[in-house]
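Here is a walk through a predicted model. Keep the sequence and the 3D view side by side as you read.

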Protein chains: 2
Amino acid sequence: MKTAVFYGVGVGPGDPELMTLKAVNVLKASPVIAVPRSSDKGSSRALEIIRGTVGLEGKEILELPFPMTKDKAVLESSRKQAASLVAERLSQGKNVAFITLGDPLVFSTFSYLVPFVRELSAGCAIRAVPGVTSFSAAASLLALPLAETDERVLIVPAAYELEKVKQALSAAETIVLMKVNKAIDAITDLIVDSGLIEKAFFVSRAGWPEEEVVTDLRTLKGTKPDYFSMIIIRKNG
Amino acid sequence: MKTAVFYGVGVGPGDPELMTLKAVNVLKASPVIAVPRSSDKGSSRALEIIRGTVGLEGKEILELPFPMTKDKAVLESSRKQAASLVAERLSQGKNVAFITLGDPLVFSTFSYLVPFVRELSAGCAIRAVPGVTSFSAAASLLALPLAETDERVLIVPAAYELEKVKQALSAAETIVLMKVNKAIDAITDLIVDSGLIEKAFFVSRAGWPEEEVVTDLRTLKGTKPDYFSMIIIRKNG
């Protein structure tokens, strides 16, 4: 029997046209499409994208539990459970494609699952299909270079330690702050204090129908941006 | 007359299947394909990719001069010359698609050209089509997450100041060193000295037929890697 493959497939930032040809081909050939259940905020958009480009007819949509918790025991047990659901399909010779917005190896739940699937499905292949990231889509929307020549780009998840955001502002020529929704006021204050407010752009859902650009971050104070929001600061602009 | 568009189109890292649907569609609809001439090492690969996926029949291939020099006057004059070649086609109502490996806003000559084209073609639109980057392709080839949860990713062009490479090693959880070909021995020494040699991977031309992975950087000493080489260091691996 042909060895089944567990794929992590990046479906791009949200615009269906930004899927790669490879993502389309792999998804067409996969009878099982795995998605993280509800708690992963990109799942429904990722499914919507492939519904339009590839079609879901005849495919099993396998919802995997990924609870939003910091409890390590709960996390490990849910990842094991998700992996066993995947492994079951692989053992039947079916390719399973785990879909993720953006790229499967940049802040995706795919990478959490890989070690558990590898353990349960020793004979199966695991492959990632890279995708266009949300920050590339944001840069294109802004027509803003992320890097030229000798410039450094630092990508920072801003939902955790504010001190790391502060450090980041002096550590590279371009700084991409992801997950800015929870602390937008404090982050804006830091950017103002660093004298970088004129160099900062807020982008939400680049490439989605509801994409949004805000060029003066101060107007966001007191608002509640959504999970798919980022700030790009380019000093040499 | 319809306004012509100047596109910067990312054709992905080198594997033709990693082009986006949008890149294919934009290139099909562009009668002029602009490429940086010879000195840009990705041009011939980028053209090869679209020859296979889109076809070049009936299209003008517009080679643009981008000399490899640090002389600012020469650089500015060649960019102006390149922009005027583009502007000439735009003024005839023809869309021009400037193709670039990876993403048009990540270390691409496209962004150098934009201000000059904007000046000469005030009425024309300028749009970027994002692409899969070389570092996403490398991560997929390695099946190595670039970032999970709260991890930072720092992308550093390593061909300029070695001191910046050294700083980078302690500034993020994942470090991507681009353009490592010119100083591979010194970079390897820095990584060894930082105790990160077991966490470092060398990848060349990910997704190309001649792709290469080296898991022990020390074996590269004294060799001459090519321009499309990078090192990824993931501390939490």
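Start where the two chains meet. In this predicted model, 43 residues of chain A are in contact with 43 residues of chain B. Contact here means C-beta atoms, placed from the backbone, within 7 Å.

Which elements of chain A each supply at least two residues of this side? They are α1 (21–28), α4 (110–120), β5 (125–129), α5 (134–142) and β6 (153–157). The largest share comes from β6(A), with five residues. Now sort the side of chain A that touches chain B by class. It has 27 nonpolar residues, nine polar and seven charged.

Find A:Leu154 in the view. Which residue of β6(B) is the bridge partner of A:Leu154? The partner is B:Leu154.

Next, look within chain A. The domain assignment gives domain 1 (5–129) and domain 2 (134–234). How far apart are the centres of these domains of chain A? Taken over C-alpha atoms, 28 Å separate them. The contact between these domains takes seven residues from domain 1 of chain A and nine residues from domain 2 of chain A. On the side of domain 1 of chain A that touches domain 2 of chain A, three residues are nonpolar, two are polar and two are charged.

Definitions and conventions. Residues numbered from 1 in each chain as written. Chains lettered and ligands numbered in written order. Predicted model: local features only at pLDDT ≥ 70, side-chain atom pairs only at ≥ 80, totals over all residues. Domains from an automatic or database assignment. Contact = placed C-beta atoms within 7 Å. Nonpolar A, V, L, I, M, F, W, Y, C, P; charged D, E, K, R; others polar. Helix = DSSP H or I, 4+ residues; strand = E, 2+ residues; numbered from the N terminus. Pairing = 2+ DSSP bridges.
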